[in-house]
Amino acid sequence: MDFKKFRKSFRFALEGIDYALNSDQNLVVHFIIAFLVIIASILLDVSSFEMAILGVTILMVITTEMLNTSIEKAVDLVTKEHRMDAKIAKDVASGMVLITAFGSIIIGVLIFLPHILKLFQ
């Protein structure tokens, strides 16, 4: 294994994350919410299985947001014109993030609600 190539690819990946965080305000919001979810899961003493589900859900939302950014940049690279195909590609990518975010909210409610209700009993 070529360690220099591996280190370079790792650096490129970190540069991609840095770019995404600095150019996509929604990604920053997702990271803040993820941090709050992790804190809440610790405070509410969720099980390790529930924490694993929350972790996968967080990764899905962040990944789809980064994929959305990639698709938008790729479409912009191909055309700057207002073309219906470009709009559809960008809208579908945004819709992917929206569906994932709504799904994560449902999962969060299903996991956190019983723990929150226990606090009031």
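The model is predicted, so local features need pLDDT of at least 70 and side-chain atom pairs count only at pLDDT 80 or more, while totals for chains, interfaces and linings use all residues. Residues are numbered from 1 along each chain as its sequence is written, and side-chain values use heavy atoms, with hydrogens and water left out.

A search of the whole structure finds three salt bridges, each being a side-chain nitrogen of Lys or Arg within 4 Å of a carboxyl oxygen of Asp or Glu. In one of them Arg11 pairs with Glu15, their closest N and O atoms being 3.4 Å apart, and both residues lie in helix 1 (residues 3–23), four residues apart, about one turn of the helix; helices here are DSSP runs (H or I, at least four residues), numbered from the N terminus. Asp76 and Lys90 meet at 2.6 Å, N to O, and because Asp76 lies in helix 3 and Lys90 in helix 4, this pair ties together parts that are 14 residues apart in sequence. Asp76 is partly exposed at 23% relative accessibility (partly exposed lies between buried, under 20%, and exposed, over 50%, with a 1.4 Å probe and protein chains only).

The lining of the largest pocket contains 11 nonpolar, four polar and no charged residues, where Ala, Val, Leu, Ile, Met, Phe, Trp, Tyr, Cys and Pro count as nonpolar, Asp, Glu, Lys and Arg as charged, and the others, Gly among them, as polar. Its largest share, six residues, comes from helix 4.

Definitions and conventions: Helices (H or I, at least four residues) and strands (E, at least two) are DSSP runs, numbered from the N terminus.
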